Amino acid sequence: MYEIILRGISIYALVWMIVFFICMMRYSFGDREHVYMLIRKLAKDPQWYFNKNSVMFTLISGMSAGGVLVIYSLIYPFIVHRSIKRGYKMDLMMWLHWLWWVCFLFPWSYVV
């Protein structure tokens, strides 16, 4: 029974790795509106990101915008209470991204 559960978790982790990679590429190379929407809904101070003189404006306007998705998907359970006007699709995707991180990082805690 234990092996079946581990096999299911492994299959989820492998399949969702592809989905997470595609989402990260969409945030990095796609329309900036995806990144702006994520920041507007989840950031504590969104204007800090959008200030033209800020370092963060440079980071979210370049290829490293996928890192915003990575950071927010890692800390999503802790910041979900401050999200405004979130839809069920974004909520579901962020929870699945977070679950992928748990499935991906949890086995490494046993290796190290």
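**Exercise 1.** In this predicted model, find out which residues histidine 97 touches, leaving aside those up to four places away in sequence. Then decide: is histidine 97 buried or exposed?

*Solution.* 
- Start by locating the residue: histidine 97 sits in helix α7, which covers residues 88-111.
- Next, look at what surrounds it. Histidine 97 touches Trp16, Phe20, Cys23, Leu69 and Ser73.
- Now check the accessibility. Buried means under 20% relative accessible area, and histidine 97 has 2%, so it is buried.

**Exercise 2.** Which residues of α1 are buried?

*Solution.* 
- Pick out its buried residues: Ala13, Trp16, Phe20, Cys23, Tyr27 and Ser28.
- Here's a handy idea for reading that list: an α-helix has 3.6 residues a turn, so residues three or four places apart point the same way.
- Take cysteine 23 as a check. Its relative accessibility is 10%, so it counts as buried.

**Exercise 3.** How do the axes of α1 and α2 cross, and which residues make the contact?

*Solution.* 
- Helix α1 (residues 2-29) and helix α2 (residues 32-42) have axes that come within 6 Å and cross at roughly 105 degrees.
- Angles of 65 to 115 degrees count as roughly perpendicular, so α1 is roughly perpendicular to α2.
- On the α1 side, the contact uses Arg26, Tyr27 and Ser28; α2 brings Arg32, His34, Val35, Met37 and Leu38.
- Sort these residues by type and you get four nonpolar, two polar and two charged.

Terms used: Residues numbered from 1 in each chain as written. Predicted model: local features only at pLDDT ≥ 70, side-chain atom pairs only at ≥ 80, totals over all residues. Heavy atoms only, no water. Axes fitted to C-alpha atoms, helices over the stretch in contact; angles between N-to-C directions. Helix = DSSP H or I, 4+ residues; strand = E, 2+ residues; numbered from the N terminus. Parallel < 35°, antiparallel > 145°, perpendicular 65-115°, else oblique. Contact = heavy atoms within 4.5 Å. Nonpolar A, V, L, I, M, F, W, Y, C, P; charged D, E, K, R; others polar. Buried < 20%, exposed > 50% of the residue type's maximum accessible area, 1.4 Å probe, protein only.
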